[in-house]
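Please view the sequence and the model together while reading.

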Amino acid sequence: MGDGKILQLVTFKLGSEEFAVDILKVQEINKMMNITKIPNAPAFIEGVINLRGKIIPIVDLRKRLGFKDQDYDKSTRIIVVELDGLVLGFIVDSVSEVLRIPENTIEPPPTMIAGIESEYIEGIGKVDDRLLILLELKKIFSSPERKDIENIEANN
Amino acid sequence: MDDQALQKDEMQEIIDEFIVESSELMDNVIQDIVAIEQSQDEEKVNGIFRAVHTIKGTASFLGFNVLTALAHKGEDLLGLVRKGEMKTDQEVADVLLEAFDLMKLMIEDIRTGGVENHDASSVIEKLAGFLVSKKKNAEPPQEEKKKIGEMLIEEKIITKGELEDVLKKQETETDKMVGEIVVEEKLATEGQVKNTLIKQKTAGKEEQSIRIDVKKLDELMNLVGELVLGKNRLILVNSLAKKEGGGESVLDNLADVTSYVEGITNELQLSVMRARLVPIGKVFSKIPRMVRDLCGEFKKDIELKVEGEETELDRSLIEALTDPMIHIVRNSVDHGVEVPAEREKKGKNRKGLLSIKAYNEGNHVIIDIFDDGKGINLQAVKDKVKEKGLMSEAELASLSTKEAMNLVFIPGLSTAQKVSSVSGRGVGMDVVKTNIEKMNGQAYIDSEEGQWTKLTIKLPLTLAIMRALIVKSEDELFAIPLNMVTELVKLKEGLLKTVDKNEVLVLRNTVIPLMDLQKTFSRKTEEKQGGYVVICNIGEKVVGIKVHSVVGQEEVVIKPLGEFLKNIKGISGATIRGDGKVILILDIPSVILHHNNQKKAYSHLRAVSASAMN
């Protein structure tokens with residue numbers, strides 16, 4: 001315990017909340033691009049983009065986490081991440097900075113925070129007086145959610 | 001230390017090579033044995049003998065002793081066959097097949113575990129038994145190679161008369177070779193004789209080929225894909241420059257470059273595609289053996305005819321085609337062709353016929369699988385569909401014979417059929433169809449009850465690049481595979497009618513069901529008037545797809561949507577256009593399925609299969 005491992009996090013904003021993901025998972029950060037909508041896809045999937053010849057799906061994180069819709073603007077970014085070999089991107093309001101914080105300052109998530117179910121949260125990081133919500137990316141893009149959607153379709 | 005490790009690596013490389021080579025050889029050998037069981041073919045026997053000899057040699061060098069012993073005995077028996085001292089009747093073929101199956105298993109053992117795990121003693125004994133009992137006398141084998149003199153005549157270098165003179169001369173000067181005398185007599189130059197000698201040595205050898213890592217080819221294909229995109233972009237820039245103006249010479253240059261790049265890209269694309277093509281015989285090669293075994297299992301007597309093995313297909317398709325083909329052939333033997341006694345009663349030839357034919361048609365490969373078995377009982381199929389509540393009586397009545405025939409592809413239908421065995425076609429035809437459609441292909445069936453069944457598979461030559469029609473629905477562009485499109489109709493007053501609340505298109509007195517891309521895919525509902533209908537032909541079905549406008553034909557590079565989005569209904573992939581924008585490729589069969597949601601049949605089915613899968 002307390003071996004003082006340092007985490008590097010990319011922090012970004014949705015509304016007034018600050019979020020963070022492990023920098024090792026982040027492949028690149030892009031400005032907003034032209035998104036092709038996919039019919040019949042789950043609602044939180046905004047569409048696909050052409051990332052230098054590769055087609056990758058884009059998730060609107062606002063929709064995914066139940067935030068209110070907001071128009072994209074100059075500071076809107078697409079964070080491209082790699083999860084288990086899958087490359088995908090998600091849209092955030094703005095990207096703030098890269099932070100280094102000791103792993104042991106991260107606390108387990110409370111049951112409910114900022115209206116987001118805690119299963120999507122890996123932990124809460126405290127930096128000075130800021131609170132960072134560490135997202136559990138795998139859960140956010142995970143299959144149980146997709147299965148639910150498929151089931152709804154099948155039942156209709 | 002390092003040295004040893006290096007040697008180990010090298011050894012592993014040799015072993016890997018051996019596994020690849022011998023697996024390939026074994027597949028050919030097994031196929032050829034089934035062939036020589038039917039009719040003795042000297043060349044095939046020699047081929048088998050050589051293959052087994054090669055495997056024996058390498059195996060013994062690598063120290064796989066059990067495999068070596070088995071191959072050795074097999075070679076002995078084949079030696080007798082080769083010399084004509086033994087006939088390949090069913091018994092001999094059986095034991096040889098047993099031996100080679102075992103050899104295949106051992107090679108697999110070596111691949112997975114490094115040593116052969118199977119015991120060969122019983123099979124070796126069997127082979128030895130044959131060697132003792134079946135030996136009989138026969139003529140010694142004939143000389144395989146052609147004589148140099150004969151070859152020179154074939155090459156039209158010397159005449160027959162000249163050769164006879166030379167041969168006479170050789171009788172007196174016995175230490176001289178025919179070639180030498182020919183040169184001495186100035187009948188031919190030294191070069192000509194040398195060339196002929198080389199030809200003599202290489203005669204009978206197989207065509208040259210190299211083995212390429214598929215990964216490398218895939219990379220190459222990807223690059224070509226990019227190049228095609230680049231070409232598209234250049235074309236776009238060219239047209240832009242034309243529109244917006246620019247110096248005359250700039251335009252000329254651009255036009256020049258464009259046409260150059262276009263030409264070279266097309267050629268490169270073609271040749272890389274060709275490099276990926278593999279003869280379909282790879283898939284067919286397993287069939288004779290399978291039919292033979294199945295005939296034994298089900299007590300059937302079937303003549304198998306295979307045509308067009310040289311027809312070429314993309315490698316990835318070959319792999320994906322194997323399972324469906326096995327399925328179809330199994331079905332034909334199991335449920336299609338009747339047992340001999342039953343056939344005789346029906347006044348058919350005792351021996352059934354199963355014919356498999358592959359051929360090219362434009363940019364497609366067609367595979368016909370025909371059997372003269374009991375065919376499809378249409379009424380039974382319809383009854384089943386009705387019984388399952390998949391379609392109403394009226395719907396069934398409105399189907400054409402061909403459409404009704406293709407009901408056998410509905411999932412869930414066939415399983416029940418097998419249990420009650422009302423009709424011929426057994427399990428999993430829906431899987432066959434789905435697999436074929438995944439390859440952008442089509443599958444349809446035709447039959448005459450009591451007489452025959454023909455299943456046709458239509459596949460594109462390659463998966464990576466295809467021609468597509470780009471259409472616009474609202475502001476979104478979509479690509480429709482051109483191989484499905486038969487015609488375009490501009491919408492005019494009076495062409496559209498409503499039948500049963502469904503919109504249809506009346507074209508040259510035929511009624512074509514319509515689906516509106518906007519309604520199926522869009523979240524908006526406001527109607528936009530006018531537009532086009534793209535008539536698509538899927539198997540025996542004709543449908544019209546309503547779109548707002550048509551952009552044109554384009555060559556598109558198919559990109560998968562990835563793991564995350566692979567099951568989106570109605571979309572088979574995406575492509576990137578010249579301007580970098582992603583557009584979606586429509587999966588027409590599934591679009592129709594999706595559209596037909598109001599037809600309870602399919603949605604009901606999907607719910608059933610979804611709950612079955614959970």
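This is a predicted model: local features need pLDDT of at least 70, side-chain atom pairs count only at pLDDT 80 or more; totals for chains, interfaces and linings use all residues.

Residues are numbered from 1 along each chain as its sequence is written, chains are lettered from A and ligands numbered from 1 in the order in which they are written, and side-chain values use heavy atoms, with hydrogens and water left out.

**The chains**

Chain A contains three helices and 13 strands, and chain B contains 23 helices and 18 strands. Helices (H or I, at least four residues) and strands (E, at least two) are DSSP runs, numbered from the N terminus. The table gives the totals for each chain; buried means under 20% relative accessible area, exposed over 50% and partly exposed in between (1.4 Å probe, protein chains only). Accessible areas come from the Shrake-Rupley method with a 1.4 Å probe, and for residues only the protein chains shown count as cover.

| Chain | Residues | Buried | Accessible surface | Carbon and sulfur share of surface |
|---|---|---|---|---|
| Chain A | 156 residues | 47% buried | about 8,200 Å² | 48% |
| Chain B | 614 residues | 43% buried | about 33,300 Å² | 51% |

A contact means heavy atoms within 4.5 Å. In chain A, 55% of the contacts with a separation of 6 or more are between residues 24 or more positions apart. In chain B, 67% of the contacts between residues at least 6 apart in sequence join residues at least 24 apart.

**A helix pair in chain B**

Helix α14 (residues 315-336) of chain B packs against helix α20 (residues 429-438) of chain B at an angle of about 150°, and their axes are 10 Å apart. Axes are lines fitted to C-alpha atoms, for helices over the stretch in contact, and angles run from 0 to 180 degrees between N-to-C directions. The two helices, α14(B) and α20(B), are therefore roughly antiparallel, a term for angles over 145 degrees. On the side of α14(B), the contact is formed by Leu321(B), Pro324(B), His327(B), Ile328(B) and Asn331(B), which meet Met429(B), Val432(B), Asn435(B) and Ile436(B) of α20(B). These residues of the contact of α14(B) with α20(B) comprise six nonpolar, three polar and no charged. Here Ala, Val, Leu, Ile, Met, Phe, Trp, Tyr, Cys and Pro count as nonpolar, Asp, Glu, Lys and Arg as charged, and the others, Gly among them, as polar.

**Individual residues**

Glu75(B) lies in helix α3 (residues 65-82) of chain B and is buried, with a relative accessible area of 7%. Leaving aside residues up to four places away in sequence, Glu75(B) touches Phe49(B), Val52(B), His53(B) and Lys56(B). The C-alpha atoms of Glu75(B) and Lys56(B) are separated by 8.5 Å.

Gln70(A) sits in the loop between α1 (61-64) and β6 (77-83) of chain A and is partly exposed, at 40% relative accessible area. With residues up to four places away in sequence not counted, Gln70(A) touches Arg62(A) and Asp93(A).

Most residues other than glycine have a negative phi. Asp128(A), however, has a positive phi of about 50°; Asp128(A) is found in the loop between β12 (121-127) and β13 (130-135) of chain A and is exposed, at 74% relative accessibility. Lys299(B) also has a positive phi, near 55°. Lys299(B) belongs to the loop between α13 (287-298) and β2 (302-307) of chain B and counts as exposed at 60% relative accessibility.

Notes: Angles under 35 degrees count as roughly parallel, over 145 as roughly antiparallel, 65 to 115 as roughly perpendicular and the rest as oblique.
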